[in-house]
Amino acid sequence: MIKKSIKYLLYAVALLLSLLVLLVLFTQTPWFDKIVKKQAIQIINNQLNASVSIEELNSNYYDFINLLGVELRQETDSTLITQVDSINLQFNLWALFNKTIDINSVNIIGLNGHFEQDENGKWKVADIIPASSDTTKSSTPFSFTLQIDAIHLMNWNLTTASSIKLIPDSIQNLNLNASLLYQQNMLDIQLQQLELTSSKPDLSVKSIKGHYKQTGSLLSFDSLWIETSGSLFEAKGSYDSINNSSAQFIANPINNDELKIFVPSVQVPSSPDADIDYLTQNDTTYLIVDLSINREKIQLQSQLLNLEDFSKQRTNHIPFNANITFDNVHPENWWLMNKTNGTLNGAINLKGSHLFDYKTWNKIDGDLTGSSYLDHHFQIFKFNARQNNDSIQSDLIAQSYLGKAEGSIELNNYTTHPSYRALLRIDSLLLNKIISEDAGIANGYLSLEGRNFNIDSIDAQSIIRVYPSTIYNIPIDSANIKAELRNNHLEISHSEIFVPNGTVDAVGDFQLTSKLLNAEVDFSFDSLHFIQHFNIPELMFDEATGQISITGSVDSLQSNGQIQVSELNGFSISSNRVNALFDAQFIQKQIQANTSFQIQSLKNSNILADSIYGDLNYRQDNLLAEIFAIKDSTDAKIKTQIHLTDTIGVNLNEVRINTPKVRYYTTDTFNFIQYYKNEITIKDLALKDELSPQFAVRAQGSFGANKPEDFHLQIDNFDLNSINRYNLIDEQLGGIFSIDLNLTGEPQNPELKSYFDIKNGQYDKIQLPYIKGDLGLKNDTLESNIFNPQQKNVFKLSFLTPVTAKFDTTGFNFAMSDYFEAFLQLDSLNIATQTENIAHMDAQGRIEANIQAKGSYNKPLFYGDFSLIDGGYSNPSIGIDYRNAQIALNFDSNQVAIDTFIVKRDKGYLTITGEASFDTSFVSGHIHSSTLEADAKDFYVIKHRDYSALIDAKSFYQDINDTAKFGGQIKVLRSEFYLPAFTETEENNTAREVPLLVQATSSVDSVTNSTRQIKLKKKDEEESSLFIKNLQGRLELEIPRNTWLRSEDMSIEIWGDLEIEKSNPYFELYGEVGINRGHYILYGKKLVINEGQLTFQGGEKIDPILDFQATYTYRGPDKEKRNLKLLVSEKLSEPSIAFTLDGVSIPEGDAVSILIFGKTMDELSYSGQNGIAGSIGTDMLAKAVTSQLSKTLGTRFNLDMIEVTATENWQSAAFVVGKYVTNDLFVIYQRGFGETDGDEITPEMIILEYELNRILFVRLQSGSSKESGFDVILKFESKND
Amino acid sequence: MIRQIILILLLILPFFSYSQENLKIKKVKFKGNSAFNNLKLKEQISLEPTSFFKEKILKKDASYYSKNIYEDDVQRLIRFYQHEGYLNVQFAPPSFEITKKNKVILTFNINEKAPIIVKSIDYLVDSTKQLSQALPRKELRNIRLQSNLREENIFKDEWCLQDQQLIINQFNDIGYAFANADFDISVDTTSNSADILWLVDKGTLTHFGKTTITGNNRVSEKNIRKQLIFEEGDVWSKSDIDLTQKRIFNLGMFRVSSLKTSPLKEERDTLPIQVILKEAPKYTTRFGVGYGREDKFRVFGEVQRLGFITDIGRLNVSAKHSALEPYNFDLKFTQPAILFPINSIIINPYIQKQNEPGYSVEKEGFNFTFLQNFSDNFNSNINFFFEDVTLDTTNISSYDPSQLPESVYLKSGISVGFSFFNGEPKLNPINGHSIAINIKTNGLYITRDMPFYRSLLEYKRYWGLNYGLTLAFKGKLGTAKATDGSDIVPAEERFYAGGAHSVRGWSRANLGPKNANGTPIGGKSLLEGSFEARVNITPKLIIATFIDAGNVWEPSFHYRLNDLGYASGLGIRYDTPIGPAGIDFARPIFNAEKRWQIHFNIGHPF
């Protein structure tokens, strides 16, 4: 039984075992897997608010589970949340017995998920886990050990939809290798590798590694390594409690783009390296942050106390002490900012009782010396602040080459009743480098003291002092300003600004609420130089002072004041004194002003007035002006009322101008001038002169474009001489002019009638006869007739020309046409009667003329006859005396025929016959064809003390078909020319040496005021006329031996034949002129010219070749006869000059010396030659000779100088010495040595011997009274060995 | 339009016109000139009045006024003013005054304006150095003391050019022969000032090269070389050359002594010197007849021999006869450059007879004299004399016997004299002083007859007050005293006043004590003073007015200012190269004597 029982028991066990084996085998079948899968899905789905599906589950349920195709979907809309390709878990079941969950590996491969966050920031995924109702969750510590040897996550791709920017929209390729060990009180995670890429924000984490360990309360991590595409971090740290923690963080570097992802508020332009050490020990926290970018370093060293107490809210103080040091920090590399070009160097120290409450900070010390800003280096830059009991005191000092600023601020009770006091002092602050180019340099200080910050309750006063500064180009010597703001009332109680040329004082106040302004400004300047930079016109004065007061509210200001200027000079006007008083109102943008002014001694080039008084009154487009001008002898008064609207009306109430020569006044107060739309109306204008009752101007009527003209102007007896005072024209005018003018007609066709006369007229030096005439304009024709009423039949001139004249909207338009007609009639005009007053000029004869001219001004055509009968002309001052002249000319359009032209002088005569036709008019000068023949016989062209010429001539002039030719022969029978008479004036001026000061003023260094200018002689441009240009021909000039060229220093007789030829635009001279005889005086010595010649070779410039010799014969020191020859050759413009002495060439210096002293320079012992200059020689003689020949009057250089230095030599003789001073003057000189001769101390003795002949001398002796006298002596000298 | 009408009028109405030109000039005046007087300005211009004298007597052509010449003259005057520092001078239009004879009186209206004042003078040597670094102290001082242009003074061209030469000379003197000084003048016409910057280019430092001497026959080269104050290799100096030239010339042997520096082309730093000499004739003989200022008619003869005894020794033998000196034989041997170049020694034996208004003497004796020429201004002499005097008592029988212990006596002694004169110009001074002192003792050596002491002091002063106006002053003080207590000083050593160089209202020696016959007996105290105003009427013609005062008193050291004789007068002098020559007319004033005296002068009387 037992056996059987055992047997059945065994069967049962076997069956159970079989069942168990079957069961186990069943678990290894897919069916079981399906069942488990189904059950698991069901269980999970029941647990979650989502549906899970698993495609396949494989497991041996012993050491691994493999899930494939796991999907998690929203229960509601079946949207896919997560889908995993494969999850593989390998574990060791048996370890559970050791209370260890031992997972060999977890592989989750190919996870794709999508997570969304709702608007509250809650992840939707969180909804799939139902809220747990189990509140009685066991708090029993987890007693198992969890050990995961390898966690592999591969190929994870997640997408998210989150409002948090930091959460990337998608994460791809997340791979992770890690291991984990969890035991009671201990967690140890070793992350071997984590890599992922994310987009939005884009981040590529290449590797995250690290080790984290938690044991009890001690947390530590070490070798944390985070490498992204741009950054690399290493960190380690430990934490036990706040009071016992430390951390070290090294970033090398931090990529600024990546940093931006995490800390968007911190924007670092470049990638700094960072080293952060954090350590807390015994209530003290040390935080050291080192940041560096290349060589730039910022270091923060701080100590904080009681951090733990604070964190536990046991205290609200964190006493701290922080030092920030900067080393070569360029701010723009650290913070996004504009480029400063600055560097920060130095340190800032902060101390306070609470880090996060600035009110508890009680000390800030900064020393940024060595820093720079915008390339400006701070030599000193220090600041500090102390805070104590609601009050702050701070000081600042900064100094760089831009200047120095120093200041302090004291702020008390700033939370309750703030009061403050500030002081800022700046020295040589270069504002122009800091603010803008023209801001200048400032010196000075500001002190401010006050209470309250609220504008309504501010009670503050400040003093500003400025020391010599230049602010916006205004130099300020000093300024002192005192201002107070109290009860909404700003008051400047005192301000004084001293600028280099004056002072400005101002006081004033301004109500901030009512906007009422009240200001008084006094100023005084002696020049506006200090604001010259503002292109103020050049105004000079001795002193300008003024007082201006402004009152009223801002929109209706009243202003009055006065300005005085003394010795004003500017705008080409000067005045001794200007006073002005004004009174103005600006209400609603309307201006009303009254000004009265007084200008004393007003001067400009034309006007001189002792004083001008005036009152100007401007109100509603009306200007009332009263002006008085007073001078010793001149005063003027103008009283006008001017309406300034679209109609400008001037009421000349009174005009009175008194000068020594005239006293103008208006006779009526109703003079009225009105201008309205191109129409000028003048009413009863009458001006008279008290001094010349005959003078009067009357004007009446209107003219313009609107209605028929009706204007009458009458000027009676106006003295033209008065025009000269205004320098309007260069020439002097004179005479009495009267005109009566009437303007009528339509604006399109005005009609003018006027009658004028000029008595005693004068134009420059020309005296005009009494002229009477009329001038009329009608139907666009201007017509004038002029005649002399005294000789009515003798002289008549009429003139006519078409014109355009009309009034239109642009005014009066007047244009003359180019055509005119004129008619001149002279009937027995006796020249002699007209010229009797002219000195040295005597012309006589009778002129008859009937000439008509018409055509254009440029090419008028002439018709008529002109004849001179019994003419004569003599002007002894130029040597002309012609008698019995008969001239008859006939003009016919462009032809002039010389019917008769004969002039006689002495026994000779000159006749000309011929005719000329001009292509257009003879004024244009272009001769079309002409034939003139001139015959002269024994005719004195000129005969004067300085020159004369007697000629025989037979010459012609022909011009046919534009080819002008002249020819013939002129024989100079006798002539003589005193050349200086021709060349005396201008050439010499230029030859004279220019004074050094004048030379200097043209140099660059010199400052000259522009008023000085060298006035050049005004010359009309002389254009050689066509006539001359086209002229061609060849004329023989025969000079027999009777022509003398003379000057003071030269006299030569010339002869020869010259040809004057013109084939080019200029005349040319050809031929040889011989010098027959003559002499030439150089330095008072006569050089005899025996023969020579001048060869003319044509060319534009007359520059003959010279070839002559001149000889000076003198006796040498040993009485021998010597010949000094001057040889002149080459061209006149550059003559070559040489000297020979007895055939031996000698230098010029010696030649000059011989000419002056009869000795060579050696013999003269002229001390000037001792220096180097003497041996090099001078070209003074060449200059002298050149100027002699080309200008005939040479500039004789200063010979006195040579004489003085030459004689100096014998005067310096110490003892008795005899010496030839010149060739025939011998000097013996003996100085006095203090000897006596009787009652006299013997003075120096001079004996002068003058050689009469070789042995006979006369001599003068000076010296002691006994010796001095006059002797005749015979002198014999032995010949030298 | 106006122009055309005027042109037409000009064309048809020429015969009505007349002008102011071509009037004869009667007078030229100036208005507004204060810096220069009319005379000076007239020198500059060419317009000149036509005087009746010139026109009718000299038959010179009349000069006419012409605008061209006037304008030319204005230009000349402007240039003149500008040369003198008045850069901004302006001329207003001239004023005319037409006389009845239709001549014109022309007035130049001048506005001189402020002259340009020298504000600063700076020097830059070789573009880098200051003058003080480039020049030694002496030359610096020369520039400082002698330069004409000075700060705060008016700028003048002439001064500038003179300073230029002065600066060059200073560099020349320290060896820079090629030195050049240029000036850079900056003119500021707003403040009327000029800044002058001298730009000196020193050039190379030069040295004396070889010295060659040509032209000497009698005088040995050794003697000439002794006068050279430089040696080959010394730093070149112009003043050394000048001084050497003067020394050689002062030997008195040469008509020509010329030192030439001839730069060689290849060696610019070594400058050879050429001494070119021309000897004066060995013998010069003069025989003359003439009229002396004091000694009236005179005859004389003189022979000079150069190279006597030594090759630079000089012998002069002369004989003379005149009213004052009936005979005078004089032999003079001169040896120049003895011991030092500034010294000369003279040995001079003589025999002479002298007829003075107060006495007549025959003298034989000799002088042994040392002359020293310290500088151009300062000279001195030391003289030992020995003289045998015979006083001709027959001629002056009425002479007070008490004054005449002996008629024959010997004199010997030493006289020492100094003279200093810095007047400029030398012969017609307008500025400066002259002081001359002579002290003579007799009877100290060899002889013991009539020992006396005699001194004469003369002081002259010249003030140039204005152009052409000089004031001259002369004072003379003489004292003689017998040193043996006898109160007797020989007649020819006593003082006499009156004459052309003394008080000009009296003839020679005629002022002072006289004996009963009216013969001057001279005195032992002399005091004279003269004031003379010299006015240049033309640049060469001088009119002088003067007052002379003076007297002679018999006792020693006895001067009575209320006992002076006064004279006044007028002189006309013409300036010649050797000084003015002319005639002075003078007569006593405040005095019974009223006779006019006429003095013929060569040179100013003082």
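This is a predicted model: local features need pLDDT of at least 70, side-chain atom pairs count only at pLDDT 80 or more; totals for chains, interfaces and linings use all residues.
A residue is counted as buried when 20 or more other C-beta atoms lie within 10 Å of its own, as exposed when there are 12 or fewer, and as partly exposed in between. Asn717(A) belongs to strand β42 of chain A, residues 710-719, and its phi is near 50°, a positive value in a residue other than glycine.

Another strand of chain A, β9 (residues 218-228), holds Ser223(A), whose phi, near 40°, is again positive in a residue that is not glycine. Ser223(A) has 11 C-beta neighbours inside 10 Å and therefore counts as exposed.

A further backbone feature of chain A is the cis peptide bond between Lys200(A) and Pro201(A), with omega about -5°; Pro201(A) sits in the loop that links β7 (186-199) to β8 (203-215).

In chain B, attention turns to helix α9, residues 238-250, whose 13 residues reach 18 Å from the first C-alpha to the last, close to the 18 Å expected at 1.5 Å a residue. After α9(B) comes Gly252(B), which has a positive phi, near 80°.

Conventions:
Residues are numbered from 1 along each chain as its sequence is written. Chains are lettered from A and ligands numbered from 1 in the order in which they are written. Helices (H or I, at least four residues) and strands (E, at least two) are DSSP runs, numbered from the N terminus. The expected span of a helix is 1.5 Å times one less than its number of residues.
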